[in-house]
Amino acid sequence: MSVAVVMISLNTGSIRLSPLEVWQTFLGQGSPDSQLVLFEYRLPRILITMLAGLGLGVSGAILQGITRNGLADPGILGLHAGAAFGLIVFVSFFHSMKGMPSLLIPIFAFAGGILTAILIVMLAFDRQKGIIPIRLILVGIAIAAGFGAVTLFLSLRLDEATYSFTSRWLLGNVWGRDWVHVYALVPWIVVFFPYVFSKWKVLNAFSLGDEVTSGMGVAVNRERLMLLMSAVALSCASVAMAGGIGFMGLVAPHLARRLVGPMHQYLLPTAGLIGLVILVAADTIGRSIFQPNAIPAGVVVAAVGAPYFLYLLVRSK
């Protein structure tokens, strides 16, 4: 299914390429126009959405695993708000400096996410019980509101062009469309996804409760903290290039759990693939069906994710 969605996305756009033209272009036999469209515009954007969807899906699965809460999501926990704060700091104070490439945006977004995670851990930590999972979510919601207010205040001080870019980013408009943005995102996925997958036994143990997990010889607080930092890295690097995509980390793990069950050796890669398919499909729908006015991928995802979130809330009662 993921291959089919990617192929449809390659064929779709303001300049349509048939499957035969796409195949011929990949083989080096395409026209100069098709090579320009495919390799310079369409393929980098699709790779960005693939990598970001993978990162957001896996990040959501991690957070739901370490909190033992099916409503956990990078956006709900405030990580996206921290990433947005990092972005607004970059465009407000550093973007005009010479030699400051857009490659630094993932670094600033990650720094904002790390700051958010530190605050969440500090406020959710209990000296006797350690990190309390339910507090992670409640504190994350409060911190997200605070960072959102600061981000809005700083965005009102921007010039028109920079404000336009920031507002599109917050809506989930995929802005990373060059190969340099792909190169900026790849290391984050390549480094953190294998590490997270190697911890599938720990994530499975977390589902049994902290006391049982500790009795199995797992350093509960250390492992939860390391996995939280990995989720921060994956989600913040992904939204740095794909924009503020909400609900992806919520929907993808739930769909994966319905398909392969709760065991994380299957759940993690499946959630990543589902996130990949959803984000590529959402971006393709947004930039093709609603032409000439493209709809940000984040809006398309939210149109599906928000009702699903409400359904989960009602069901959780």
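Predicted model: local features only at pLDDT ≥ 70, side-chain atom pairs only at ≥ 80, totals over all residues.
Biologist: What makes you place methionine 216 in a loop, and between which helices?
Modeller: Helices are DSSP runs of H or I with at least four residues, strands are runs of E with at least two, and both are numbered from the N terminus. Methionine 216 lies between two such runs, α10 (210-215) and α11.

Biologist: What does methionine 216 touch beyond four places in sequence?
Modeller: Ala205 and Leu208. Contact means heavy atoms within 4.5 Å. As for valine 202, it is 14 residues from methionine 216 in sequence and 9.7 Å away in space, C-alpha to C-alpha.

Biologist: Why is histidine 80 called buried?
Modeller: Buried means under 20% relative accessible area, exposed means over 50%, and partly exposed is in between (1.4 Å probe, protein chains only). Histidine 80 has 11% relative accessibility, so it counts as buried. Histidine 80 sits in helix α4 (residues 79-93). Its contacts, leaving aside neighbours within four places in sequence, include Leu56, Pro74, Ser235 and Ile245.

Biologist: How much of the protein is buried?
Modeller: Buried residues are 53% of the 317.

Biologist: Why is the protein called as compact as a globular one of that length?
Modeller: The protein has 14 helices and 2 strands. Its radius of gyration is 20 Å, close to the 20 Å from the globule rule for 317 residues, so it is as compact as a globular protein of that length. The radius is taken over C-alpha atoms, and the rule is 2.2 Å times the number of residues to the power 0.38.

Biologist: What makes a set of residues a nonpolar core?
Modeller: The members are buried Ala, Val, Leu, Ile, Met, Phe, Trp, Tyr and Cys residues, joined through side-chain atoms within 4.5 Å. The largest such core here has 84 residues, and Ile62, Leu63, Ile66, Leu185, Ile245 and Leu279 touch the most other members. Helix α11 (residues 220-242) gives the most, with 13 residues. A second, separate core has 8 residues, including Val22 and Leu38.

Biologist: Which residues does leucine 279 contact, leaving aside neighbours within four places in sequence?
Modeller: Thr49, Ala52, Gly53, Ala242, Ile245, Met248, Ala297 and Val301.

Methods. Residues numbered from 1 in each chain as written. Heavy atoms only, no water.
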